[in-house]
Amino acid sequence: MANRIIHWHHAAPAAGAAKPPALAARALRHGIRTGLAALLLLAALPFWPTAALGAGLFGTVEFKRPLSSLPAWETVRNKNAEEPIFLKEKVFRKGVTWEKFQQEAAGKTGVELLRYVNAFWNRFPYREDKENWGLPDYWAWPNAFLQKSGDCEDYAIIKYFTLKELGVPVEKMRIVVLRDTLRRLPHAVLAVYTDDDILILDNLSNSVLSHTRLRNYSPQFSFNEQGRWAHMKGKKISE
């Protein structure tokens, strides 16, 4: 899963490398002072790291933040509850109701299910928020997407709610706002966490790829219904 425990450990001294008593005492006092300083620093932080250095989404370190800091997401969730689309006779597109969609998805698991959902919604035309809503940025809930389609984060949002309805736990998914360093543009995708990988559903491709293969994606923040995470690239520490 997304959250990983950081294990702290001390390197064992080399054989025959015992320190003189005075030096050992100074090292101990220094270690105590350093440890206390680290604890005080961590206590002052507004959030805690939840992934080991370089081990998180797109090779980043992530920090959990309050979900209340993302009001646009709260609006999307509220509007989705008010205007549900995952109803038996609801038409998604010509000839495809939610019931038919579920029938097509039945029996599909793992990557096969992700590919099905990803490709289905990617057939909808890409439309900028300025064209749809007259605003530079607007997050559309699923029913709004059915009516007007949308841009990258709107694809990620409707895929998230579709997979949720198909039984994928919300803690296994995150909508990710990132920067595409190759195109030099902001972008958004859906990340789905498996036992040994993080798979990306992207409106730019019907392929479902591991996050390790998309090296031009630099995440800024990710979120689901349980939290929000800020991301930053880590530097390798030489041993």
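Select Arg174 and Glu62: their side chains meet in a salt bridge, with 3.1 Å from N to O. A salt bridge here is a side-chain nitrogen of Lys or Arg within 4 Å of a carboxyl oxygen of Asp or Glu. The model on screen is predicted, so local features need pLDDT of at least 70 and side-chain atom pairs count only at pLDDT 80 or more, while totals for chains, interfaces and linings use all residues. Residues are numbered from 1 along each chain as its sequence is written, and side-chain values use heavy atoms, with hydrogens and water left out.

Arg174 lies in strand β4 (residues 173–180) and Glu62 in strand β1 (residues 60–65), so the bridge links distant parts of the chain, 112 residues apart. Helices (H or I, at least four residues) and strands (E, at least two) are DSSP runs, numbered from the N terminus. Are Arg174 and Glu62 buried or exposed? Both are buried. Buried means under 20% relative accessible area, exposed over 50%, and partly exposed in between (1.4 Å probe, protein chains only).

**The cores**

Next select Leu190. Leaving aside neighbours within four places in sequence, Leu190 is in contact with Arg174 and with others, including Tyr160, Leu163, Ile175 and Leu201. Contact means heavy atoms within 4.5 Å.

Leu190 also belongs to the largest nonpolar core, which has 42 residues; Trp73, Phe92, Trp121, Leu163 and Leu190 have the most contacts inside it. Helix α7 (residues 152–165) gives the most to this core, with seven residues. A nonpolar core is a set of buried Ala, Val, Leu, Ile, Met, Phe, Trp, Tyr and Cys residues joined through side-chain atoms within 4.5 Å. For a second, separate core, select Val176, Ile200, Leu214 and Tyr217, which are among its eleven residues.

**Charged pairs and a buried Asn**

How many salt bridges does a search of the whole structure find? The search finds seven. One of them joins the side chains of Lys79 and Glu83, at 3.4 Å from N to O. Lys79 counts as partly exposed, because its relative accessibility is 23%. Glu83 is also partly exposed, at 25%.

Select Asn143 next, in helix α6 (residues 142–148). Beyond neighbours within four places in sequence, Asn143 is in contact with Glu83, Ile85 and Lys90. Asn143 counts as buried because its relative accessible area is 10%.

Then move to Glu131 and Arg127, another salt bridge, whose closest N and O atoms are 3.6 Å apart. Glu131 is exposed, with a relative accessible area of 55%, whereas Arg127 is partly exposed at 29%.

**The whole chain**

Of the contacts with a separation of 6 or more, 60% are between residues 24 or more positions apart.

Last, colour by pLDDT, the predictor's confidence in each residue, from 0 to 100. The chain averages 82, and 74% of the residues score at least 70. Over residues 1–54 the pLDDT is below 50, and this stretch has 45 contacts in the model beyond near neighbours in sequence. Where pLDDT is low, the predicted coordinates should not be read in detail.
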